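This report describes the fold, the charged pairs, the aromatic contacts and the surface of one protein. Please consult the sequence and the structure shown below while reading.

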Amino acid sequence: MMPAQAEMPGAPASRPTKPLLVTQQLENGLQLEFEDLSNRYYGDYHRVCISIYCRLAEDDYQERYLFTSLEKMAVAGGELAAVKQQLMEQFDQRQRSYLARPDFPRRFLAARRLASARRGY
């Protein structure tokens, strides 16, 4: 089932719907917010979904952009906390050095502007 309004990566994000799991401040001024959008879909089986948003110092942290989502299906209720932690740790191991680059915020905004121009708004 799709959310009522799907968000595209890099687009300004709508209001938060669930509490934040973690907020991280990177050395380059980038602020990451991990939001838990997990839900139970059958019996004791859950879809773990963590959306990762970023805020940029260049925007004075006013805008919140969806960066990516992490997802895992068929997670038993007793494993929820461990799976959420594992997904966030894997993201940190794989993406941290890329996101922490000094030029990432500038390049992210440039890519956003280019994508907007291509869409015509």
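Are Asp36 and Lys84 buried or exposed? Both Asp36 and Lys84 are buried, where buried means under 20% relative accessible area, exposed over 50% and partly exposed in between, with a 1.4 Å probe and protein chains only.

The model is predicted: local features need pLDDT of at least 70, side-chain atom pairs count only at pLDDT 80 or more, and totals for chains, interfaces and linings use all residues. Residues are numbered from 1 along each chain as its sequence is written, and side-chain values use heavy atoms, with hydrogens and water left out.

**Overall architecture**

The protein has two helices and five strands, and from the N terminus on its elements run β-β-β-β-β-α-α. Helices (H or I, at least four residues) and strands (E, at least two) are DSSP runs, numbered from the N terminus. Of the 121 residues of the protein, 37% count as buried. Among contacts (heavy atoms within 4.5 Å) between residues at least 6 apart in sequence, 53% join residues at least 24 apart. The accessible surface of the protein comes to about 7,800 Å², of which 52% belongs to carbon and sulfur atoms; accessible areas come from the Shrake-Rupley method with a 1.4 Å probe, and for residues only the protein chains shown count as cover.

**Salt bridges**

Side chains of opposite charge can pair when their charged atoms come close. A salt bridge is a side-chain nitrogen of Lys or Arg within 4 Å of a carboxyl oxygen of Asp or Glu. By this rule the count comes to eight salt bridges, including those in the table.

| Salt bridge | N to O distance |
|---|---|
| Glu33 and Arg55 | 2.8 Å |
| Glu35 and Arg64 | 2.7 Å |
| Asp36 and Lys84 | 2.5 Å |

In the salt bridge of Asp36 with Lys84, Asp36 lies in strand S2 and Lys84 in helix H1 (residues 80–99), so the pair ties together parts that are 48 residues apart in sequence.

The salt bridge between Glu33 and Arg55 joins two strands: Glu33 lies in strand S2 (residues 31–36) and Arg55 in strand S4 (residues 45–55), so parts 22 residues apart in sequence are tied together. Both Glu33 and Arg55 are buried.

Glu35 and Arg64 also meet in a salt bridge. This pair links distant parts of the chain, with Glu35 in strand S2 and Arg64 in the loop between S4 and S5, 29 residues apart. Glu35 has a relative accessible area of 1% and is therefore buried; Arg64 is buried as well, with a relative accessible area of 5%.

Asp36 and Lys84 form a salt bridge at 2.5 Å, N to O, while salt bridges that share partners join Glu33, Glu35, Arg55 and Arg64 into one network. Arg64 also lies over the face of Tyr53, at 3.7 Å from the ring centre; a charge sits over a ring if NZ of Lys or CZ of Arg is within 6 Å of the ring centre and within 35 degrees of the ring normal.

**Aromatic pairs**

Rings of Phe, Tyr and Trp (its six-membered ring) pair if their centres lie within 6.5 Å; planes under 30 degrees apart count as stacked, over 60 as edge-to-face and the rest as tilted. By this rule the count comes to six aromatic pairs. One of them is the edge-to-face pair of Tyr65 and Phe108, 5.7 Å centre to centre with 70 degrees between the planes. Tyr65 belongs to strand S5 (residues 65–76) and Phe108 to helix H2 (residues 104–119), so that this pair spans distant parts of the chain, 43 residues apart. Tyr65 and Phe108 are both buried.

Phe67 and Phe104 form an edge-to-face pair, 6.0 Å centre to centre with 75 degrees between the planes. The pair links distant parts of the chain, Phe67 in strand S5 and Phe104 in helix H2, 37 residues apart. Both Phe67 and Phe104 are buried. Ring pairs link Phe34, Tyr65, Phe67, Phe91, Tyr98, Phe104 and Phe108 into a cluster.

**Surface and backbone**

Tyr41, Tyr42, Tyr45 and Met73 make a nonpolar surface patch of about 470 Å². Patches are made of residues with over 30% relative accessible area and no salt bridge: like charges are joined within 9 Å, nonpolar side chains (Val, Leu, Ile, Met, Phe, Trp, Tyr) within 5 Å. Tyr41 is placed in strand S3 (residues 39–42) and counts as partly exposed, at 39% relative accessibility.

In the loop between S4 and S5, Asp60 has a phi near 55 degrees, a positive value in a residue other than glycine. Asp60 counts as exposed, at 58% relative accessibility. Tyr61, in the loop between S4 and S5, has a phi near 60 degrees, a positive value in a residue other than glycine. Tyr61 counts as partly exposed because its relative accessibility is 26%.
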